[in-house]
Amino acid sequence: MGQWRGSWGWGHSQLCRAVFVCAVAGAVVLGSGGAQADPVGYRPPSVPTDPAPPQSDHLAAARYLRTHPDAVPAGTNDFACVPDAEHPRPVVLAHGTDSTVYSDWSAIAPQLTAAGFCVFALNYGGAPGADSYGTEDLRLSAYQVGDFVDQVLGATHAAQVDLVGFSQGANVTRFYINKLGGAPKVGQWVGIASPSYGGVMYGLVPIAQSAPGAMEVFEKVTSLAAVQQAQGSPTMTELNAGGDTVPGPKYTTIGSRVDEMIQPFDNIALHGPGARNIVLQDECAVDLTGHFHMVFDPFVQQLLLTVLDPAHAPEPVCVPVALGTGIPQVIIAGHS
């Protein structure tokens, strides 16, 4: 989920026409699963290359993207980057639904680069001619992640990468690891606001699942990727079948108790051996950041550094963040 529909099914290009409509339609849209993807439909991912400055929120990033559609956070996708001994694994970032690399990672990526990581990011799951990504079949997007990981490993000569996914990006990257054989190429996986078991949208998803034709209607209103991430959908069932982790990589989720999109909150956590689930409010009780603002929240950004680089990252600084922070900017971006 990156923007309003971005990162779990809302966004700037397909934002519902009003907040009330968005809440209701979004709840119904999560009620389907989508059909098994045909690998024949695969298209290579888009790899943006236009270096761009950090942004403070989704709205600022959206405004910059209007005139710089190939924007990527400065320092990201430098295929001449050579990992050092302290940071041997490049970090690969995956954005949310109906979003882009720059929209979701314009703040975090420069911090990772400054910390000494080689940082890479792809625009996955885009329809032909679209200016936003993460809307197409989650399985095909996972194949795109795999191809991009191979590209990064080939360029950097690293043995493994670390994968960090925001919202749908967490599901897509975990699908690559768990179902497409990516585990040997990944040292660590981190899911920020990860819809690990999908969502029920305040109990309305079961209603949608029982309404004939609802999933087809709202797939058209939003996207296939959005409806595939409902709790109990065939895609989510497939992703978690046989266990939500596999041997090899370390798994960490970073979630908020007040996530606006992933309900119930427990659906963020993984349960496989060795999985670590970090709850934002357990680390900083006064930080009430929800789903949309997670990638722009300074504490979450600092927390991610401690997960990726515990030997060198400073202790995160806890400051109050009001409930609903970032939502107005997402709504404005969606209507502008």
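1. Buried means under 20% relative accessible area, exposed means over 50%, and partly exposed lies in between, with a 1.4 Å probe and protein chains only. Strands are DSSP runs of E with at least two residues, and helices are runs of H or I with at least four, both numbered from the N terminus. Strand 3 covers residues 91–94. Val-91 and Leu-93 point one way from this strand, Val-92 and Ala-94 point the other way, and all are buried.

2. A word on the source. This is a predicted model, where local features need pLDDT of at least 70, side-chain atom pairs count only at pLDDT 80 or more, and totals for chains, interfaces and linings use all residues. Residues are numbered from 1 along each chain as its sequence is written, and side-chain values use heavy atoms, leaving out hydrogens and water.

3. The chain overall. Its secondary structure comes to 13 helices and 8 strands. It has 336 residues, and 58% of them count as buried. The accessible surface is about 12400 Å², of which 61% belongs to carbon and sulfur atoms; such areas come from the Shrake-Rupley method with a 1.4 Å probe, and for residues only the protein chains shown count as cover.

4. Two strands pair if DSSP finds at least two bridges between them. Strand 3 pairs with strand 4 (residues 119–122) in the parallel sense over 4 bridges. Here Leu-93 stands opposite Ala-121. Strand 3 also pairs with strand 5 (residues 161–166), again parallel and over 4 bridges. In that pairing Ala-94 faces Gly-165.

5. Look at Ala-94, in strand 3. Why does Ala-94 count as buried? Because its relative accessibility is 1%. Leaving aside residues up to four places away in sequence, Ala-94 touches Trp-105, Tyr-124, Val-164, Gly-165, Phe-166, Gly-169 and Thr-173. Gly-191 is 97 residues from Ala-94 in sequence, and their C-alpha atoms are 9.6 Å apart.

6. Helix 5 spans residues 138–156, 19 residues in total. From first C-alpha to last it reaches 27 Å, close to the 27 Å expected at 1.5 Å a residue. That expected span is 1.5 Å times one less than the number of residues.

7. Both ends of helix 5 deserve a check. At its start, a side-chain oxygen of Asp-137 comes to within 2.8 Å of the backbone nitrogen of Arg-139. Just after the helix, His-157 takes a positive phi of about 60°.

Notes. Polar contact = N/O pair within 3.5 Å; in protein donor to acceptor, adjacent residues only side chain to side chain. Contact = heavy atoms within 4.5 Å.
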